Amino acid sequence: MTHDDTRALDDPVGQSLRGTHAHLARRLGKAATYLPDVTTFAAVPADAEASAWADLAELLGPGALADMFTCPATPPPDWDPVFHLEGRRMIRPADGRPSDLRLPTGTEVTELGPADVPKMLDLVARTRPGPFWPRTRELGTYLGIRANGTLVAMAGERLRPPGWAEISAVCTAPEARGRGHAARLVDELATRITARGQRPFLHVTETNTAAITLYERLGFETREQVTFRGFRTP
């Protein structure tokens with residue numbers, strides 16, 4: 001599979017759990033999910049039979065959240081719906097960012113490590129960019145911007161299907177917005193991903209029009225519409 005092949009994006013969670021993130025996976029039969037405190041994403045085949053759902057229920061335990069992300073499979077009737085959101089999957093073309101893109105200067109981007117997790121969790125609690133847990137940082141590289149020693153913006157890598165790396169957890173503290181921090185971080189991550197021979201992609205809800213506009217300005221294009229779904233195990 002080459003880095004220009006988009007087939008891996010049809011099952012980004014399953015492909016990640018079977019590949020780059022295998023060391024963070026729990027598997028049973030045809031079901032897979034991440035270790036606790038990493039993320040709640042889970043995967044079954046698109047044509048999953050009852051046995052696959054039973055395996056996933058055993059992995060997660062009773063009353064647990066099964067975040068199926070963009071998996072189209074329909075769970076059994078006794079799996080209670082938790083959320084249903086319309087969104088889109090965006091990719092950056094192989095030719096890179098627009099040549100006329102101007103990013104803010106004077107902002108220092110730093111790589112975030114284990115010691116930064118408490119500050120990362122605090123920023124997430126304040127900005128709510130999406131699911132982020134104590135071990136989410138282990139999914140890939142996370143970058144941040146600090147102001148007077150305080151973490152005010154961050155973004156990182158999440159799903160890692162073959163040939164691709166998802167940019168996620170893009171967030172900026174309210175007092176630091178409007179300074180181009182999100183653009184700076186997303187572009188830096190995309191540049192690093194491309195430099196190692198992979199392609200950057202991301203997901204965004206349809207209601208987040210400001211983010212869609214930003215990502216389009218950074219050179220991302222919509223590949224397809226997706227639906228994010230979550231269920232509660234019996």
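Q: Does arginine 89 count as buried or exposed?
A: Relative accessibility at arginine 89 is 2%. Buried means under 20% relative accessible area, exposed over 50% and partly exposed in between, with a 1.4 Å probe and protein chains only. The model is predicted, so local features need pLDDT of at least 70 and side-chain atom pairs pLDDT 80 or more, while totals for chains, interfaces and linings use all residues; residues are numbered from 1 along each chain as its sequence is written, and side-chain values use heavy atoms, without hydrogens and water. By that cut-off, arginine 89 counts as buried.

Q: Which side chain joins that of arginine 89 in a polar contact of 2.4 Å?
A: A polar contact is a pair of N or O atoms within 3.5 Å; within protein, one must be able to donate a hydrogen and the other to accept it, and residues adjacent in sequence count only if both atoms are side-chain atoms. A polar atom of the arginine 89 side chain lies 3.0 Å from the backbone oxygen of leucine 9. The side-chain partner at 2.4 Å is glutamate 224.

Q: Which strand holds arginine 89?
A: Strands (E, at least two residues) and helices (H or I, at least four) are DSSP runs, numbered from the N terminus. Arginine 89 falls within residues 80-91, which make up strand β5.

Q: What is the order of the strands in the open sheet of eight?
A: Two strands pair if DSSP finds at least two bridges between them. The pairing in this open sheet is mixed. The order is β4-β11-β5-β10-β9-β8-β7-β6.

Q: Which are the edge strands?
A: An edge strand here pairs on one side only. One of them, β6, pairs with β7 (residues 142-147) in the antiparallel sense over three bridges. The edge strands are β4 (65-69) and β6 (109-111).

Q: How many aromatic pairs are there?
A: Rings of Phe, Tyr and Trp (its six-membered ring) pair if their centres lie within 6.5 Å; planes under 30 degrees apart count as stacked, over 60 as edge-to-face and the rest as tilted. By this rule the count is six.

Q: Why is the pair of phenylalanine 69 and phenylalanine 228 tilted?
A: The ring centres are 5.5 Å apart. The pair is tilted because the planes of phenylalanine 69 and phenylalanine 228 meet at 40°.

Q: What is the angle between the planes of tryptophan 164 and phenylalanine 201?
A: Tryptophan 164 and phenylalanine 201 lie 6.1 Å centre to centre. Both are buried, tryptophan 164 with a relative accessible area of 0% and phenylalanine 201 with 0%. The pair is edge-to-face, with an angle of 90°.
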